[in-house]
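This report covers a single protein chain. Please view the sequence and the structure below before reading on.

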Amino acid sequence: MNKNILHLDLDTFFVSCERLIDSRLQKRPLLVGGTGDRGVVAACSYETRRFGVHSGMPMRLAKRLCPEAVVIRGNSSIYTKYSHQVTEIIKEKVPIFEKASIDEFYADLSGMDKFFGSYKYATELRNTIIKETGLPISFGLSGNKIVSKVATGEAKPNNQLRVDFGFEKAFMAPLSIKKIPSVGDKTYQILRNLGIDKVGVVQQMPVEMMHSALGVNGITIWKRANGLDNPPLIPFHERKSISIERTFSKDTIDMLKLKTTIFAMAESLAYQLRRGDKLAARISVKIRYSDFNTYSKQVNIPYTSADHIIIPRVLELFEALYQRRLLIRLVGVKMSNLVSGNYQINLFDDTEEMLSLYNALDTIRNRFGESSIQKAASMGAKTIGSMKNPFNGEPPIILAHRKQ
Ligand SMILES: [Mg+2]
């Protein structure tokens, strides 16, 4: 049976949020990110792109390329709020959807009797989002998740595009191979060196050739080029979470030990989020006293996976929670309300050095194990954390969003 898969993507999301808050920024070249001398561009408006500006580049270079740009320090709590708003609208209108990142969604519109019905429904959904939030959003609709994502990219900015059944290959053929999700800079260079620039060339190649050039990834790219890779949607659940708990062998009131344990739990969970390319929007802390009464407290936070944001909030929650002067039997920390995404969203204040520090720490952990490097404050709790990746290891604590 044919499917109808809708892909929705908010246009230049951070930039659009800033323009909602300050309408004077409309149509002006705009850079959002770290405003310090060594900050990084997190998002840039279309007006800056013809100067060669792109996200991820050092802010000082972007300013040099486009000196007339307005530069704004990002504010992740604003973006999280608008992301939740859009999610609520989609949740109300579509029974099965995936939140692929803070500004990107898939919805399964199959089962609507005619394809035209789905297109009409998608159009109305998009118009509702634009009307209720004021944010520009684009969509692609086809029978295939990957093709729909590519179609959204072609529709942008602030537009929509439908690819009819049977026309997937024809739609993809004239596009650059760069447009295939999962073709990064490295893969692009390898393919370019082989003289391959358009998706149509990949379509005509035998799959074995792609395999020998790029390994397993070559097969995926070939399937995507041919409209044959159609991964299932991963339904959105707000309760999706990762957590760590510890029951002490002997009930304790040793505050140093308790705080060290909580700290190490927070550090481990933040690392697990980054490793799984996830961000969390809610933190919970739980304690169980020796009389078995259990209390927990949670707080909503802007989407993050950064230690320096998560750890202090976890410690605050613990302080607020620990009220009775009783021995403690168990402590636990949980991160929930997860979406895919990387942690640069939080680093508006920070610098390339901070990004490199996180990368370096995580690279060491990935190679030598999670406890190979830790903050001094969590050294007393060496056994917290493990090599397991909850997003693709065993056992699966939550269902991961597929990386595309
Ligand atoms: Mg977007």
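## Helix α11 and its surroundings

Gly-227 follows α11 and has a positive phi, near 65°. The model is a predicted one, and the phi of Gly-227 is a value computed from it.

Helix α11 spans residues 216-225. Its buried residues are Gly-218, Thr-220, Ile-221, Trp-222, Arg-224 and Ala-225. The cover over these buried residues includes four helices: α6 (145-155), α7 (168-172), α9 (199-204) and α10 (207-214).

## A three-stranded sheet

Three strands form an open sheet in the order β3-β2-β4, and the pairing is mixed. Its edges are β3 (41-44) and β4 (70-73), each of which pairs on one side only. On average, neighbouring strands of the sheet are turned by 25° against each other, with direction ignored.

How are β2 and β4 joined, and by how many bridges? Strand β2, residues 30-33, runs parallel to β4, and 4 bridges join the two. Among the residues involved is Leu-30, whose bridge partner in β4 is Val-70.

## The chain overall

The protein chain has 404 residues, of which 40% count as buried. Its secondary structure consists of 14 helices and 12 strands.

Contacts between residues 24 or more positions apart make up 65% of the contacts in the chain that have a separation of 6 or more.

Methods. Residues are numbered from 1 along each chain as its sequence is written. This is a predicted model: local features need pLDDT of at least 70, side-chain atom pairs count only at pLDDT 80 or more; totals for chains, interfaces and linings use all residues. A residue is buried if 20 or more other C-beta atoms lie within 10 Å of its own, exposed if 12 or fewer, and partly exposed in between; C-beta atoms are placed from the backbone. Two residues are in contact if their C-beta atoms, placed from the backbone, lie within 7 Å. Two strands pair if DSSP finds at least two bridges between them. Axes are lines fitted to C-alpha atoms, for helices over the stretch in contact, and angles run from 0 to 180 degrees between N-to-C directions.
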